Amino acid sequence: MVLFNPVVISIAVMIILCLFKFNVLLSILVAAIVAGVCSGIPIGDTMSILVSGMGGNAETALSYILLGALAVAVSKTGLASILAKKISNIVKGKKITLVLLIAFISCFSQNLIPVHIAFIPILIPSLLGLMNKLKIDRRAVACALTFGLKTPYIAIPVGFGLIFQNIIRDQMIANGINTTTSDVTSVMWIPAIGMLLGLMVAVFITYRKPRNYKDVEIEGVSKEEIDEKMTRKHWCALLGAITAFVVQIITGSLPLGGLLAIIVLFVTGAIKFNEIDDLVDGGVKMMGLIGFIMLVAAGYGSVLRETGAVEGLVTSVTGIVGDSKLIGATLMLLVGLLVTMGIGSSFGTLPIIAAIYCPLGISLGFSPAAIILLVGVAGALGDAGSPASDSTLGPTAGLNADKQHDHIWDTCVPTFIHYNIPLLIFGILGAMIL
């Protein structure tokens, strides 16, 4: 039975522990052990698989630490405060305008300037004071950030979006359905509309009421009146940020970009030699936990794959579906939600999903366009709301800079409700219509 599948049991354990505010990192470790035990893998072997699999996110974890150090350095120069001040002047006390502007800025991080969550620890902590003044519910901001981190790669074939849609194309072809990238793009706007509606509901309805936060001093963020005039130090900090972006684009390595950006700040004198230890310590404090969670999440994904239960879960859908397209689409997407919640990566889920969903979709009579939509949405489901996804860990890193934002209840639960539900609905309706 599906309910007794080790993946289902393991992910249920992880979600329940997280909802009861058990430490996220420990929750993932416990869930990994549960998955191994339920699959008959000895605990010692399970831990070995987990540890060996942690390398899957090693580059991401290193990126987060270095970007955290860069964020602290940029904040110390005052550049982030100037940017926050300019944003304050633009929004002029209109809190909804600020939230939507954050969503707009975060969209660029996936396509136009593909730095993913790198901008969050630099920009968001400096805006917390303004958010407090406007009494903005940070759950709305979390939804805005996750919208920007997720929707563009689903719908727009540029940057991370091109990578995502090309994976869908390649996996469709590998499983017997000839597909082009333009075919993928032509249908993936459907779930994007669902995401947009989810954002509007979060901003204009669910989290519109004022919410009070304490004004807490944040390391590297000045509370004094900001002079908006750019000085040499600020220009050097900007050069460092540009260096991180350019190096990443040229080399494809975000850790290298972060490292060279810090070196640029040091060489230009924006930061002093005796400040470097403090910057690294600050980076570890800001992003270290997220880095370790990403490492453990990669190991957890390895354990889930090693159990063989992921394929079993996906395959078991075939026996339940029968000839019903509606039931088939619904179960296919729900299984995708479960798998991505556990693995924490939309990109890594697609090959697993496509291997079964392509032949299943054909047998149920779905059109190639409908199968593309089902595979794409099944892969994207769960990225929002997963405790181990950088689409939720990133927003929490910025919004919890003053320790007043809970990762599970203020980021994961709101983003799960406002994005996974619309994705399910639009995915099912789209598959039935196409």
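Mentor: Happy to. Keep in mind that this is a predicted model. Let's begin with aromatic rings: a search of the whole structure turns up one aromatic pair.

Trainee: Which residues form the aromatic pair, and how do their planes sit?

Mentor: The partners are Phe147 and Tyr419, and their arrangement is tilted, with 6.4 Å centre to centre and 40° between the planes.

Trainee: What does the pair tie together?

Mentor: Phe147 belongs to helix α8 and Tyr419 to helix α19, so the pair ties together parts that are 272 residues apart in sequence.

Trainee: Are Phe147 and Tyr419 buried or exposed?

Mentor: Buried means under 20% relative accessible area. Phe147 has 8% relative accessibility, so this residue counts as buried. Tyr419 is at 0% and therefore counts as buried too.

Trainee: What does the chain look like as a whole?

Mentor: Its secondary structure comes to 19 helices and zero strands. Of the 434 residues in the chain, 55% are buried. The chain exposes about 17600 Å², with carbon and sulfur atoms supplying 68% of that area. For contacts, take those between residues at least 6 apart in sequence: 79% of them join residues at least 24 apart.

Trainee: How far apart are the C-alpha atoms of Val8 and Ala309?

Mentor: They are separated by 9.0 Å, although the two residues are 301 residues apart along the chain. Val8 sits in helix α1, which covers residues 6-19, and with a relative accessible area of 13% Val8 is buried.

Trainee: Now a single residue, please. Which residues does Thr392 touch?

Mentor: Leaving out residues up to four places away in sequence, Thr392 touches Asp383, Ala384, Gly385, Ser386, Pro387, His407, Thr411, Cys412 and Thr415. Thr392 is part of helix α18 and, at 0% relative accessibility, counts as buried.

Trainee: Which residues line the largest cavity?

Mentor: The lining is made up of Lys95, Ile96, Val99, Ile136, Asp137, Ala140, Val203, Tyr207 and Arg208. By type, these divide into six nonpolar, no polar and three charged residues. Helix α6 (residues 95-108) gives the largest share of the lining, three residues.

Trainee: My last topic is backbone angles. What is the phi of Lys135?

Mentor: Lys135 has a positive phi of about 55°, although it is not a glycine. Look for Lys135 in the loop between α7 (120-134) and α8 (138-155). Its relative accessible area is 38%, so Lys135 is partly exposed.

Trainee: And where is Lys403 found?

Mentor: Lys403 is in the loop between α18 (390-399) and α19 (407-433). Lys403 also has a positive phi, about 60°, although it is not a glycine. Exposed means over 50% relative accessible area, and Lys403 counts as exposed at 66% relative accessibility.

Methods:
Residues numbered from 1 in each chain as written. Predicted model: local features only at pLDDT ≥ 70, side-chain atom pairs only at ≥ 80, totals over all residues. Heavy atoms only, no water. 1 Å grid on protein atoms, 1.4 Å probe; cavity = no way out; pocket = protein on both sides within 12 Å on 5 of 7 lines; lining within 4 Å. Helix = DSSP H or I, 4+ residues; strand = E, 2+ residues; numbered from the N terminus. Nonpolar A, V, L, I, M, F, W, Y, C, P; charged D, E, K, R; others polar. Buried < 20%, exposed > 50% of the residue type's maximum accessible area, 1.4 Å probe, protein only. Contact = heavy atoms within 4.5 Å. Areas by Shrake-Rupley, 256 points an atom, 1.4 Å probe, with all protein chains shown as cover. Phe/Tyr/Trp six-rings, centres within 6.5 Å; stacked < 30°, edge-to-face > 60°.
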